[in-house]
Amino acid sequence: MSTYNEEETDWVSTVYNFNWSSTSLGPMKLWDASLKNAVDLCFQAAFPTSVCIAPDWIPLYNKAWIPILKAKHPHALGKTLKQIWPDIHELLISQYESIRASGKGFLKNEEYFEYERDGYTEEVYISYSSSPIFKSDGSVCAIFTLAQDVTEKVLNIRRLKTLGELSRRIPG
């Protein structure tokens, strides 16, 4: 039973009907069952979720992930991390390769990034958890990431702290 709303259904349909044969991933029907299950879980998640597939690190993402991408959506579909995030792909790939080698995930809180996603470079803070997706042969084929853009929260705390410091300096 599908729990998608109409807008989500359109995006899920776009992803499932994408010509994956035009990428290194090949046709979706040939993907490992565990990868297909992870992609289905990604689309069912209410939280911003992505599945980034090795070896070229091609991400698939749910509708809730779009605010993280901003103007990069929908052009990110079928592209590699390097194509989508040229300014931070080395860091992301390094993290994913580490998970791939160790088979262990990680959690990052309020991780600072500086990248372009809406036509200009911006300061961004993301809290995220990345975990391995294992193929039936035991190898890691992809990374499952849950993320939340916490930029507004971090910047608001910084602003309040600055205002507090200023008010303490003003003679009363």
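**View 1. Helix H2 against the sheet.** Helix H2 (residues 33-44) lies across E1, E2, E4 and E5, and its direction makes an angle of about 155° with E1. Axes here are lines fitted to C-alpha atoms, for helices over the stretch in contact, with angles running from 0 to 180 degrees between N-to-C directions; contact means heavy atoms within 4.5 Å. Helices (H or I, at least four residues) and strands (E, at least two) are DSSP runs, numbered from the N terminus. The model is predicted: local features require pLDDT of at least 70 and side-chain atom pairs count only at pLDDT 80 or more, whereas totals for chains, interfaces and linings use all residues. Residues are numbered from 1 along each chain as its sequence is written, and side-chain values use heavy atoms, with hydrogens and water left out.

**View 2. The whole chain.** The protein contains six helices and five strands, arranged along the sequence as α-α-β-β-α-α-α-β-β-β-α. Its C-alpha trace spans about 70 × 40 × 30 Å along the principal axes. Of its 172 residues, 43% count as buried, a term that means under 20% relative accessible area, with exposed over 50% and partly exposed in between (1.4 Å probe, protein chains only). Among contacts with a separation of 6 or more, 49% link residues 24 or more positions apart.

**View 3. The five-stranded sheet.** The strands form an open sheet in the order E2-E1-E5-E4-E3, with antiparallel pairing. Strand E2 (58-61) and E3 are at the edges with a single partner strand each, so one side of each has no neighbour in the sheet. From one strand to the next, the twist averages 35°. Two strands are taken to pair if DSSP finds at least two bridges between them. Four bridges join E1 and E2 in the antiparallel sense, and Ile53 has Ile58 in E2 as its bridge partner.

View 4. Five residues separate the strands in the hairpin of E4 and E5, where Gly138 takes a positive phi near 95°.

**View 5. The nonpolar core around Val51.** The largest nonpolar core has 46 residues, and those with the most contacts inside it are Trp20, Trp31 and Val51. Strand E5 (residues 140-149) gives the most to this core, with six residues. Such a core is a set of buried Ala, Val, Leu, Ile, Met, Phe, Trp, Tyr and Cys residues joined through side-chain atoms within 4.5 Å. Beyond its neighbours within four places in sequence, Val51 is in contact with residues including Leu35, Val39, Ile58, Ile133 and Phe144.

View 6. His89, Leu92, Gln95, Tyr96 and Ile99 are the buried residues of H5. They cover an arc of only 135° around the axis, which puts them on the same side of H5; the arc is that of the directions from the helix axis to the C-beta atoms. Their cover includes strand E1 (49-53), helix H4 (81-84), strand E3 (106-116), strand E4 (121-134) and E5. On the face turned away from the buried side are the exposed residues Glu90 and Ala101. Gly103 follows H5 and has a positive phi, near 75°.

**View 7. Backbone geometry in two loops.** Most residues other than glycine have a negative phi, and most peptide bonds are trans. In the loop between E1 and E2 lies Pro55, and the peptide bond from Ala54 to Pro55 is cis, with omega near 5°. Trp57 belongs to the loop between E1 and E2 and has a positive phi of about 55° although it is not a glycine. At 1% relative accessibility, Trp57 counts as buried. Pro74 is in the loop between helix H3 (66-69) and H4, and a cis peptide bond with omega of about 5° joins His73 to Pro74. Lys70, in the loop between H3 and H4, has a positive phi of about 55° and counts as partly exposed at 30% relative accessibility.
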